[in-house]
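This report describes one structure for a reader who has not seen it before. Please keep the sequence and the model at hand while reading.

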Amino acid sequence: MALLELHDVKKSFGDKQVLKGLNFEVPEGSIFGFVGENGAGKTTTMKMILGLETIDSGNILIDGTKVHYGNSNINREIEYLPDVPEYYGYMNPTEYLTLCGQLTGIPKRDLPNKIVKMLKTVDLPINKRRIHGFSRGMKQRLGIAQALLNSPRLLICDEPTSALDPIGRSEFLSLLASLKGKTTIIFSTHILNDVERISDRVGILHDGILKANDSLDNLKQQYAKSQIIFEFESNALAQRANQIIGPKSILKQRKVILNYEDDYHTNAESALKLLLKNHLVPISMKSQETSLEDIFMEVTS
Amino acid sequence: MRNTWFFIRKESLESLRSYHLLIIAIVFIIFGIEGPLMAKLTPDILKMASSSSFTIKMPDPTSIDAWQQYYKNMTQIGIFVLVVIFSGTVSGEVSRGTLVNLVTKGLSRYSIIIAKYFVAYMQWCFAILITFLINWAYTAYYFPDNKTPNVWSGMSLLIIFGLMFVAVTIFGSTLSNSNYMGFLTAVVVFIILTLLNLFKEFKHYNPIALVTDNMSLIKGTKQIDTIMPAIWITIVSSIVIIYLAILILNKKRL
């Protein structure tokens, strides 16, 4: 069952129509990777889901309840992690999380324990150090803590890993992955590897509509563009090899990329035979599977 | 209402930790001490300043001079110091984006305005009262006369004027993301009200009477009944202005 549904959602800023009828559903408990170019309308979509932005036309439903701009009835079920969370620098993390917990209606008796547990989870100090002295990474981790404190049904993350170092990013992705099945997550990022790593479904927003929306495996099948990459000792050898292999190949400096559709072995064998017959021996040869980046490039091109 | 209360606590903590309350306390304690002291010392200062061939004959200072100094300080500087402190209360949060997290957790926008208004008004009352009490004590010590029998009613007008003036500042702060807008709006409204006082038919209803007629009330030459229309207009307009501020914040992109 879908926890989040968007039906023909349109949004314009002045003359520019950013969303031209957005339709998609996010099943409960899944992680939805939401990707698109800069300015495609990802943040606008997320803010509309949160009731922070007006909707020109269409409907957004969360668990069957329509989202209204500024309406806060459904907000206690949703949490938001922006790319650069802003806090009250004069507070310490415990004070800030206490305020967040109170606003989301966490019972007073449970709140202190939940806060301590959450601060330990995100590896933040449990002391009186104020937030204004925090690094960007620490602020991002506090953002994760405030977003997860209430165990939300829907978590919306807008480029959450942008400020994290590689270790922090990996830990954050593991944390999100551990929520799979319990919390529905919409996860927007430009780092497509992150989406590949944890998402069940991927939506690619382009030109105001969702151009692709499926599981990563299905998208790979749909946009399958299998390749064999031959690398040669020099550009000249690669150029000759490219001419011999034929129109299905692309030359990229010392590499020749062969696009194929069906069986790997048949294609690899025939290409290799042709090359060896012409005394062209590649120094490396590898099969490359379709990545989300390839799919993204194809969908948005 | 629970969320409004939580936000009031947050606003109070902010006032304390960002040293707003400390600044208010220091400035207004100085005002409280300065009023009666200046009234007491002015004749001596003038005497010292005058040359031996030219003497200024000054009447002995009274409690009226001390209270006059108090109201001059409060209406010409004090209330504007407060307005400067409150000026960025909404605009600062909107421009920094600190409200986004809290609004997405279910904090209503009206709670934000009401809480900010309440805490700002409490600081206004604190400032007026602290200066008043110090001024009162010093005046009683320096000038033990009976020339100012109604000190409380004079001060209560300042407290009531704050209802509207703080509301105007919050409203201005909601209009724009600039931290100066609250101050600017309050100053413009103050100037307009002062200009309106030039027309005799408005005087009776003009909220500015609450900061201009204080001395007449203290001395007992005017009764509070004559200012009642202005008091009611001040209270009603405060409610309307706060309501407008809520409407504006409801439409504002955070």
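**Model and conventions**

This is a predicted model, in which local features need pLDDT of at least 70, side-chain atom pairs count only at pLDDT 80 or more, and totals for chains, interfaces and linings use all residues. Residues are numbered from 1 along each chain as its sequence is written, chains are lettered from A and ligands numbered from 1 in the order in which they are written, and side-chain values use heavy atoms, with hydrogens and water left out.

The scores of the model are ipTM 0.86 and pTM 0.84. pLDDT is the predictor's confidence in each residue, from 0 to 100. For chain B the average pLDDT is 89, and 97% of the residues score at least 70. Within chain B, helix α12 (residues 228-251) has the highest confidence, at 95, while helix α11 (residues 214-219) has the lowest, at a mean of 81. Where pLDDT is low, the predicted coordinates should not be read in detail.

**Chain B**

Chain B contains 12 helices and 0 strands. Helices (H or I, at least four residues) and strands (E, at least two) are DSSP runs, numbered from the N terminus. The C-alpha trace of chain B spans about 75 × 40 × 30 Å along its principal axes. Of the 254 residues in chain B, 51% are buried. Here buried means under 20% relative accessible area, exposed means over 50%, and partly exposed lies in between (1.4 Å probe, protein chains only).

Y121(B) is placed in helix α6 of chain B. With a relative accessible area of 12%, Y121(B) is buried. Y121(B) and I160(B) are 39 residues apart in sequence, and their C-alpha atoms are 10.0 Å apart in space.

**Salt bridges**

A salt bridge is a side-chain nitrogen of Lys or Arg within 4 Å of a carboxyl oxygen of Asp or Glu. By this rule there are 19 salt bridges over all chains. Three of them are listed here.

| Pair | N to O distance |
|---|---|
| R253(B) and E53(A) | 3.2 Å |
| K180(A) and D200(A) | 3.2 Å |
| K10(B) and E11(B) | 2.7 Å |

Why does the salt bridge of R253(B) and E53(A) join two chains? R253(B) and E53(A) meet in a salt bridge; R253(B) lies in the segment after α12 of chain B and E53(A) in the loop between α1 (42-49) and β4 (57-62) of chain A, so the pair joins two chains. R253(B) is partly exposed, at 49% relative accessibility, whereas E53(A) is buried, at 6%.

K180(A) and D200(A) also meet in a salt bridge. This pair links distant parts of the chain, 20 residues apart: K180(A) is in the loop between α5 (166-178) and β8 (184-188) of chain A, and D200(A) is in the loop between α6 (192-198) and β9 (201-206) of chain A. K180(A) is partly exposed, with a relative accessible area of 37%, and D200(A) is partly exposed, with 27%.

A network of salt bridges links K10(B), E11(B), E14(B), E93(B) and K116(B).

**Surface patches**

Patches are made of residues with over 30% relative accessible area and no salt bridge; like charges are joined within 9 Å, and nonpolar side chains (Val, Leu, Ile, Met, Phe, Trp, Tyr) within 5 Å. Accessible areas come from the Shrake-Rupley method with a 1.4 Å probe, and for residues only the protein chains shown count as cover.

I29(B), I33(B), L37(B), M38(B), L41(B), I45(B), M48(B), Y138(B) and Y141(B) make a nonpolar surface patch of about 810 Å². The largest share, 7 residues, comes from α2(B). M48(B), in helix α2 of chain B, is exposed, with a relative accessible area of 68%.

**Positive phi angles**

D8(A), a residue other than glycine, has a positive phi near 50°. D8(A) lies in strand β1 (residues 2-13) of chain A and is partly exposed, at 37%. H279(A) is not a glycine either, and has a positive phi of about 60°. H279(A) sits in the loop between α9 (264-277) and β14 (284-288) of chain A and counts as exposed, at 70% relative accessibility.
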